[in-house]
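The questions below concern a ligand and the protein around it. Each answer ends on the value or name asked for.

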Amino acid sequence: MPSIFTKIIDREIPADVVFEDDTCLAFRDITPKAPTHILIIPKREIMSLDDLSDEDEQTVGRCVMVASKIAASEGLTDGYRLVVNCGSDGGQEVPHLHFHLLGGRKMTWPPG
Ligand code: AMP
């Protein structure tokens, strides 16, 4: 069953899109955990890091490159964090692979 992120890709529900190409879509998180909180997702329906296959290598690489470019365009010159939650212990709620780009405040470590 398509996740809510597939509905965003298909423009069935609205999102604040900041970047799109043939491979990825990036949009602002609806409940931001930092002043900048953007989700970068592959357009391919990949459920999680656990579901990657070799053919996804370029897709994942492209998502990370896009995250880096968005961090620059968002002015995150003091740093940022790129997070992927995987599975229930990892805190993943939406079953479509996504990278959280978080910035604009000092991050703590370790995460909760
Ligand atoms: P995760 O817990 O890693 O699966 O993260 C899912 C993220 O998706 C959360 O930070 C949510 O706030 C975010 N989210 C859920 N629904 C939407 C939506 N419709 N638009 C934007 N972000 C969303």
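**Ligand and pocket**

The ligand sits in the largest pocket (more than half of its atoms lie within 2 Å of the grid points; a pocket is an open set of points on a 1 Å grid over the protein atoms alone, for a 1.4 Å probe, with protein on both sides within 12 Å along at least five of seven lines, and lining residues have an atom within 4 Å of a point). This is a predicted model, where local features need pLDDT of at least 70 and side-chain atom pairs pLDDT 80 or more, while totals for chains, interfaces and linings use all residues. Residues are numbered from 1 along each chain as its sequence is written, and side-chain values use heavy atoms, without hydrogens and water.

Q: What volume does the largest pocket have?
A: The largest pocket is lined by 32 residues. Its volume, the space filled by probe spheres set on grid points joined across faces, edges and corners, is about 840 Å³.

Q: Which helix supplies the largest share of the shell around the ligand?
A: Helices (H or I, at least four residues) and strands (E, at least two) are DSSP runs, numbered from the N terminus. H1, E2 and E3 each supply at least two residues of the shell. The largest share, three residues, comes from H1.

Q: Which side chain has an N or O atom 2.8 Å from an oxygen atom of the ligand?
A: Polar contacts here are pairs of N or O atoms within 3.5 Å. Backbone atoms of Gly 91 and Val 94 each lie 2.9 Å from a ligand oxygen atom. The side chain at 2.8 Å is that of His 98.

Notes. Polar contact = N/O pair within 3.5 Å; in protein donor to acceptor, adjacent residues only side chain to side chain.
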